[in-house]
Amino acid sequence: MSSLPNSSIGSKSPLKGSTVLKSSSSSSSVKDYHGRIYLFSQKDSNDTDTAKIKQLIEQSGGEISEIKVDGKPYLQTFMKKILGEATKPPHVFFNDEYVGGWEQIKAMSENGQLGLKIQTCKNALSPGELYKVYRKQGDLFVISPGHLYFPPPTKRLITCMITLYNRTDKYTAYKLKTTCPNRYIVKPKKGIAPPNGTVHVEITMQKPVTENEKGDKFRVESLALQYYKTEMEDKVDELFKEADAKRVVKQKISCLFENPPLDFNLVTLNDGSLLVSKNISVVDIYDGFPIEQFAQAVSKQRELIFGSKKPQLSIHNEDKPPQPSSVTETTPANKEHIMINSAPATSSVTEAIFESPRNLESARSIETEELSDIEKSPIPKSDSSEEEISKIQALKNASEKIVAQKTNQKLEASKGLEELYKEEYNRLEKEYEQIINKLKVSEQRIKEYELTIDELNVKLRESEQALQRERAQQQKRRNENTIFESLGRQVSTPTDIDAKEGYSLAALIAIALICLLIGKLM
């Protein structure tokens with residue numbers, strides 16, 4: 001994927017461990033991955049303010065990415081965690097920076113700052129952490145893990161476990177589909193998950209993959225039910241057929257034919273098959289969103305916006321006490337820092353000092369610079385400090401030895417596993433070749449049997465034709481015998497023969513005709 005145009009605004013994600021999303025070359029992808037304006041809304045609260053915010057931001061050149069919390073308990077809980085119990089929608093975020101509600105948007109518009117703020121948000125290279133919430137707000141299940149790992153060699157049976165967590169307060173029907181149904185066995189492949197309940201699914205790969213084949217994919221289709229009855233468990237397919245297609249939510253899982261990360265368990269069963277599962281103690285209903293860290297950043301922003309306490313220009317952490325004045329003497333560099341801190345509150349520098357959600361990383365870098373100046377100041381060493389340093393060094397050496405031993409043990413274990421994998425691979429390959437040879441022999445025999453059957457069919461047809469000719473000849477003889485018998489009775493009658501004069505003229509004519517007829521028949 002190609003990156004977006006260079007910009008100095010909003011290039012860093014506000015939270016530790018977050019990554020900057022990249023865009024594709026298409027215009028639609030650019031639209032998806034630039035900065036966004038998020039609006040938390042709810043039908044039952046301040047509908048008028050929500051409409052006003054949308055109208056004012058759109059008039060100023062902005063676009064709203066609305067996160068609707070209606071009928072979604074997990075989103076309502078998420079909103080309360082980051083904003084507090086007493087707060088009600090609407091709430092506006094520019095990327096991950098909390099701005100406020102209707103009053104704050106109105107004030108920014110009157111001061112002429114709203115258009116500049118929207119343009120700054122658009123120029124950001126990342127849509128922020130809230131993009132995950134916006135993109136997945138319609139998902140009914142949290143699927144863990146997000147990928148299916150099938151470690152090599154893939155010629156053995158490998159079973160992957162996935163967990164479907166129903167994060168709604170309704171019974172939810174589900175079914176799984178795959179791009180390669182002949183390769184996988186899914187148990188259960190469909191069913192109904194209870195409200196806020198979990199379902200464990202086993203996906204077993206029974207046929208190996210080739211080197212040229214790409215990763216397969218699974219799709220989880222889910223449908224929130226209006227009511228539930230026990231007999232619905234056997235009618236999941238009918239529920240999906242009868243439901244409107246817009247109500248069916250589709251989530252994808254990709255298959256990776258490689259070793260899984262370290263937080264996965266690999267267990268070899270008695271039959272030689274492999275079970276792959278992820279270490280899950282508690283299901284994360286927010287699907288990896290750093291909610292605690294995000295809530296702390298938003299809390300500091302709310303304090304600045306609503307004026308609950310004056311902004312502090314100190315960049316020290318709240319947990320650490322301030323350093324003594326004798327150590328932190330003002331140097332020329334520190335004077336420069338103080339001049340920077342006197343910048344207006346709307347500048348990007350003061351946002352970094354106040355640790356706004358968009359610039360926590362910048363604040364940490366400034367604090368690191370000051371602490372490095374403090375570390376450079378001379379501090380007299382005592383005997384006790386030298387003893388502590390020696391102890392620390394000894395502990396460090398011991399820990400390094402332990403780490404080296406564990407590393408060697410892991411390497412030896414990995415070598416043993418590689419040998420086992422090779423032996424198992426060779427054994428399966430031999431069995432596979434034997435099976436292929438047996439199949440070839442069976443195919444040859446089948447061809448011989450087919451030829452024998454064809455020959456027998458030809459002989460059978462010839463026998464049937466000979467039998468039909470024999471039957472025709474027999475029928476012909478019966479007809480001739482019948483004619484001779486009828487003629488014999490006519491000749492032997494006393495009216496036709498005269499004892500004195502011999503045969504009469506009529507009898508001779510009849511005999512001549514009979515002889516002529518017999519000649520023609522012959």
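This report describes the overall make-up of a predicted protein model and then several of its local features.

The model is predicted, and local features are reported at pLDDT of at least 70, side-chain atom pairs only at pLDDT 80 or more, and totals for chains, interfaces and linings with all residues. Residues are numbered from 1 along each chain as its sequence is written, and side-chain values use heavy atoms, with hydrogens and water left out.

## Overall make-up

The secondary structure of the protein chain amounts to 13 helices and 17 strands; helices (H or I, at least four residues) and strands (E, at least two) are DSSP runs, numbered from the N terminus. Of the 522 residues in the chain, 32% are buried. Here buried means under 20% relative accessible area, exposed means over 50%, and partly exposed lies in between (1.4 Å probe, protein chains only). The accessible surface of the chain is about 34300 Å², and carbon and sulfur atoms account for 53% of that area. Accessible areas come from the Shrake-Rupley method with a 1.4 Å probe, and for residues only the protein chains shown count as cover. Among contacts between residues at least 6 apart in sequence, 74% join residues at least 24 apart, a contact being heavy atoms within 4.5 Å.

Strand 3 (residues 91-94) pairs with strand 4 (residues 97-100) in the antiparallel sense, over three bridges. Two strands are said to pair if DSSP finds at least two bridges between them. Phe93 has Tyr98 of strand 4 as its bridge partner. The two strands form a hairpin with two residues between them, and in the turn Asn95 has a positive phi of about 60°.

Asn95 counts as buried because its relative accessibility is 5%. Leaving aside neighbours within four places in sequence, its contacts are Gly35, Arg36, Tyr38, Cys121, Ala124, Ser126, Pro127 and Leu130. Pro127 is 32 residues from Asn95 in sequence, yet their C-alpha atoms are 5.5 Å apart in space.

Helix 4 (residues 102-110) has Trp102, Gln104, Ile105 and Met108 as buried residues. Seen down the helix axis, the buried residues of helix 4 fall within an arc of 165°, so they line one face. The arc is that of the directions from the helix axis to the C-beta atoms. Exposed residues Glu103 and Glu110 are carried on the face of helix 4 turned away from the buried side. The buried residues of helix 4 pack against helix 2 (47-59), strand 3, strand 4, helix 5 and helix 8 (291-306). Just after helix 4, Gly112 takes a positive phi of about 80°.

In helix 5 (residues 114-122), the buried residues are Leu114, Lys117, Ile118 and Cys121. Viewed down the axis of helix 5, these residues fall within an arc of 100°, so they line one face of the helix. An α-helix has 3.6 residues a turn, so residues three or four places apart point the same way.

## Salt bridges

The whole structure contains nine salt bridges, each defined as a side-chain nitrogen of Lys or Arg within 4 Å of a carboxyl oxygen of Asp or Glu.

| Pair | Distance |
|---|---|
| Glu97 and Lys117 | 2.9 Å |
| Lys177 and Glu221 | 3.6 Å |
| Glu431 and Arg427 | 2.7 Å |

Glu97 counts as buried because its relative accessibility is 6%.

Lys177 belongs to strand 8 (residues 172-178) and Glu221 to strand 12 (residues 217-224), so this pair ties together parts that are 44 residues apart in sequence. Lys177 is partly exposed at 37% relative accessible area, whereas Glu221 is buried at 6%. A network of salt bridges links Lys177, Arg219 and Glu221.

Glu431 and Arg427 both lie in helix 12 (residues 383-491), four residues apart, or about one turn of the helix. Glu431 is partly exposed at 35% relative accessibility, and Arg427 is partly exposed at 37%.

## A nonpolar surface patch

Leu505, Ile509, Leu513 and Leu516 form a nonpolar patch on the surface, with about 420 Å² of accessible area together. Patches are made of residues with over 30% relative accessible area and no salt bridge, like charges being joined within 9 Å and nonpolar side chains (Val, Leu, Ile, Met, Phe, Trp, Tyr) within 5 Å. Leu513 lies in helix 13 (residues 505-521) and counts as exposed at 53% relative accessibility.
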